[in-house]
Amino acid sequence: MTAAARVLELLEERGETLAVAESLTGGLVAAELTSVPGASHSFRGSVTAYATPLKRELLGVDGALLAERGAVDPEVARQMAAGVRRVLGTDWGMSTTGVAGPESQDGKPVGTVYVAVAGPDGAENVTALRLNGGRADIRRESVRGALALLSAELGKNASAQDTEQNGGN
């Protein structure tokens with residue numbers, strides 16, 4: 001089973017939905033998710049906010065944060081995930097932002113990537129990835145990293161729910 005299929009299966013089991021905000025991946029996360037038959041049960045859509053101003057205008061990322069740190073930042077990734085969740089009205093939001101190359105951006109070296117998830121009950125997680133390879137490799141591994149983060153968060157969240165349902169033991 002692919003990572004995308006596993007994420008969609010977990011979401012469907014929970015009756016929850018997902019939206020994605022992408023920058024460096026340019027729609028590759030959405031493409032990976034929609035390649036799975038039945039993805040529409042849980043995947044609502046995506047925003048490809050490639051240009052930095054769109055992160056502020058569409059997703060509500062703090063403009064001062066973008067001006068101070070640039071788009072390649074863990075807090076920007078967190079705000080993108082929370083923003084797409086809010087804008088598209090889903091249970092979970094996931095985001096990618098980073099430098100695919102060939103040149104550095106905002107003082108960050110090629111291969112610097114942040115992926116984030118935001119979910120119900122304040123669940124949030126950001127992971128920094130340091131990736132090697134060419135532009136295509138970095139983008140592909142960013143997709144993999146984002147899906148792995150969400151899968152882990154869904155698994156962790158499911159364990160907590162199961163514990164609550166079983167009396168906390």
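A salt bridge here is a side-chain nitrogen of Lys or Arg within 4 Å of a carboxyl oxygen of Asp or Glu. I am working on a predicted model, and by this rule I count nine salt bridges in it.

**Entry 1: overall fold**

I looked up the secondary structure and found six helices and five strands. Along the sequence I read the order as α-β-α-β-α-α-α-β-β-β-α. The radius of gyration is 16 Å, close to the 15 Å from the globule rule for 169 residues, so the chain is as compact as a globular protein of that length. I put the C-alpha atoms in a box along the principal axes and got roughly 50 × 35 × 30 Å.

**Entry 2: burial, contacts and surface**

I find that 47% of the 169 residues count as buried. I took the contacts between residues at least 6 apart in sequence; 62% of these join residues at least 24 apart. The accessible surface of the chain is about 7900 Å², and carbon and sulfur atoms hold 47% of that area.

**Entry 3: Leu 147**

I picked Leu 147, which sits in helix 6 (residues 135-165). Is Leu 147 buried or exposed? Its relative accessible area is 3%, and the cut-off for buried is under 20%, so Leu 147 is buried. Setting aside neighbours within four places in sequence, I list its contacts as Ala 3, Ala 4, Val 7, Glu 32, Leu 33 and Met 94. I also checked Tyr 114, 33 residues from Leu 147 along the chain; the two C-alpha atoms are 12 Å apart.

**Entry 4: charges**

I note 16 positive and 21 negative charges in the chain, with their mean positions 4 Å apart. Side chains of opposite charge can pair when their charged atoms come close.

I then went through some of the pairs. In helix 6, Asp 137 and Arg 140 are three residues apart, about one turn of the helix. Their side chains meet in a salt bridge with an N to O distance of 2.6 Å. Asp 137 is partly exposed at 32% relative accessible area, and Arg 140 is partly exposed at 44%.

Glu 75 and Arg 78 are separated by about one helical turn because they are three residues apart in helix 5 (residues 74-88). Glu 75 counts as partly exposed at 24% relative accessibility, as does Arg 78 at 22%.

The last pair I looked up is Glu 57 with Arg 56, a salt bridge with its closest N and O atoms 3.4 Å apart. I have Arg 56 as partly exposed, at 42% relative accessibility.

Technical notes:
Residues are numbered from 1 along each chain as its sequence is written. This is a predicted model: local features need pLDDT of at least 70, side-chain atom pairs count only at pLDDT 80 or more; totals for chains, interfaces and linings use all residues. Side-chain values use heavy atoms; hydrogens and water are left out. Helices (H or I, at least four residues) and strands (E, at least two) are DSSP runs, numbered from the N terminus. The radius of gyration is taken over C-alpha atoms; the globule rule is 2.2 Å times the number of residues to the power 0.38. Buried means under 20% relative accessible area, exposed over 50%, partly exposed in between (1.4 Å probe, protein chains only). Contact means heavy atoms within 4.5 Å. Accessible areas come from the Shrake-Rupley method with a 1.4 Å probe; for residues, only the protein chains shown count as cover. Lys and Arg count as positive and Asp and Glu as negative; His and the chain ends are not counted. The place of a charge is taken as NZ of Lys, CZ of Arg, CG of Asp or CD of Glu.
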